[in-house]
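Here are some notes to read alongside the model, written for someone meeting it now. Please keep the viewer open and follow the points in order.

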Amino acid sequence: MAYDALFEPYSRGNLTTEHRIALAPLTRNRAVGTVPGDINAEYYAQRADAAFVISEGTHPAAIGQGYYDVAGLHNDEQQAGWAKVADAVAKAGNGKLVIQLMHAGRVAHPYYTGGATPVAPSAVTPEGGTWTPDGEQAFVEPREIATDELQSVKQEFVDAAKRAVAAGAYGVELHAANGYLLHQFLAENTNKRTDGYGTDVAGRIRFVVEVTNAVVEAIGAERTAIRLSPGHPFNDIAEQDPKATYEALLAELAKHDLLYVHVLDTAPYVDYAPLEQARSIFPGTLVINEGFSEEFDVQGANDLIAAGKADFVAYGRRFLANPDLPERLRTGADLNEPDESTFYSRGPKGYTDYPALDTAASQS
Ligand SMILES: Cc1cc2nc3c(=O)[nH]c(=O)nc-3n(C[C@H](O)[C@H](O)[C@H](O)COP(=O)(O)O)c2cc1C
């Protein structure tokens, strides 16, 4: 078999999976307002053979909503929607649903937050704008989160994590990558705080560590994961010394046997090897994603896992276009091509209508 390592079962503590292929988190703008609906349950159920069915970025508070028609997880209706998704995934396969908690911070927009000013570590306006159904809207200057307010922001993550478990998800992935709120605490250009939550490496990683610890305390380390994109400039992030920042952060994360640490391969943007750094400092389960590196094909991922450099690979675009991606890779079948024009569009087209192998065969 071409990709033997991808199909080695995995076991660590109570976690067991049949293979090493995860669905990467993908915002698809198909929620019903901010509530997952039947179409979302169908989409995730189609991909329920992923080892981890990592959800779209899901805001833990209304102020953290970054896009239109994306799911939240801060009220009962949203929780019931996620319960529907969890149920559909459990019925369809063995994949573990992991809800990605994504607070957009300064890249949220009043357009989505009912007019409220987005919050951030510091009042630094991002370059550019956000796309809305009414066209692009410039980002606004965010409001700095007061020191005594940090506790309630942390609590929002904890409450959403508890709701995720109550809805039947296996766990949560804290989104500390790609320039959203937690990443904004890590980066020098977005964190100008002088209250112990900024200034130096220890200060900048502090809030991310505190949120992780609080979520671990609430739902257990074996249900808590985190995503990192060291040094990646997406959403106007500029990290001066990502090697030092992530070395310190990973050392703190290594105090827990987390569900996993998920690292984007940001090697093109940094002068060190982020995957190797994560592996050497964090001894637990490591999920990798090619991130923005173009050189990370299926054989490459297989070889990284074979070499013990990671435990899982997460696929985004390949998985959105191939609901049965693990089966296709296992059998060496051709892959459907992703259609970029429907990544963020509405309805089933480009969402739930990519054919699986059996439907593809019966159509030809
Ligand atoms: C349509 C789309 C939506 C995405 N949404 C998210 C998201 O909600 N959260 C996140 O962490 N990354 C998101 N990403 C990044 C992907 O998880 C992944 O890192 C990226 O697509 C590179 O991996 P790939 O080559 O396997 O697609 C998104 C990417 C795409 C293409």
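1. Let us begin with Tyr44, which is buried at a relative accessible area of 1%; buried means under 20% relative accessible area, exposed means over 50%, and partly exposed is in between, with a 1.4 Å probe and protein chains only. Trp82 also counts as buried, at 0% relative accessibility. Please bear in mind that this is a predicted model, in which local features need pLDDT of at least 70 and side-chain atom pairs count only at pLDDT 80 or more, while totals for chains, interfaces and linings use all residues. Residues are numbered from 1 along each chain as its sequence is written, and side-chain values use heavy atoms, with hydrogens and water left out.

2. How many aromatic pairs does the structure hold? There are twelve aromatic pairs, where rings of Phe, Tyr and Trp (its six-membered ring) pair if their centres lie within 6.5 Å, and planes under 30 degrees apart count as stacked, over 60 as edge-to-face and the rest as tilted. One of them joins Tyr44 and Trp82: the ring centres are 6.2 Å apart and the planes stand at 45°, so the pair is tilted. Tyr44 belongs to helix α1 and Trp82 to helix α2, so this pair ties together parts that are 38 residues apart in sequence. Helices here are DSSP runs of H or I with at least four residues, strands are runs of E with at least two, and both are numbered from the N terminus.

3. Now look at the two helices themselves. The axes of α1 (residues 38-46) and α2 (residues 76-92) come within 8 Å and cross at roughly 30°; axes are lines fitted to C-alpha atoms, for helices over the stretch in contact, and angles run from 0 to 180 degrees between N-to-C directions. α1 and α2 are therefore roughly parallel to each other, a term for angles under 35 degrees, with over 145 being roughly antiparallel, 65 to 115 roughly perpendicular and the rest oblique.

4. Which residues of α1 meet α2? On the α1 side they are Asp38, Asn40, Ala41, Tyr44 and Ala45, and they meet Trp82, Lys84, Val85, Ala88, Val89 and Ala92 in α2, with contact meaning heavy atoms within 4.5 Å. By class, this contact has eight nonpolar, one polar and two charged residues. In this scheme Ala, Val, Leu, Ile, Met, Phe, Trp, Tyr, Cys and Pro count as nonpolar, Asp, Glu, Lys and Arg as charged, and the others, Gly among them, as polar.

5. Stay with α2 for Gln79, which lies in that helix. Is Gln79 buried or exposed? At 19% relative accessibility, Gln79 counts as buried. Leaving aside neighbours within four places in sequence, Gln79 is in contact with Leu73, Arg163, Ala166 and Ala167.

6. Gly168 is found in the loop between α3 (150-166) and β10 (171-176). Gly168 is partly exposed, with a relative accessible area of 46%. The C-alpha atoms of Gly168 and Ala80 are separated by 9.9 Å, although these residues are 88 apart along the chain.

7. The packing of α3 on α5 is worth a visit too. Their axes are 9 Å apart, at an angle of about 35°, and the crossing is right-handed. Among the α3 residues that meet α5 are Leu150, Val153, Phe157 and Ala161, and their partners include Phe207, Val211, Ala214 and Ala218. The whole contact has twelve nonpolar, no polar and three charged residues.

8. α5 (residues 201-219) also approaches α6, with axes that come within 10 Å and cross at roughly 35°. This crossing is right-handed. The contact involves, among others, Val201, Ile205 and Val208 of α5 and Ala244, Ala248 and Leu249 of α6. Its residues divide into eight nonpolar, two polar and two charged.

9. Asn29 has a phi near 55°, a positive value in a residue other than glycine; Asn29 sits in the loop between β3 (21-23) and α1 and counts as buried at 2% relative accessibility. Asp236 has a phi near 60°, again positive in a residue other than glycine. Asp236 lies in the loop between β11 (224-228) and α6 (242-253) and is partly exposed, with a relative accessible area of 29%.

Conventions. Left-handed = near helix turned anticlockwise from the far one by under 90°.
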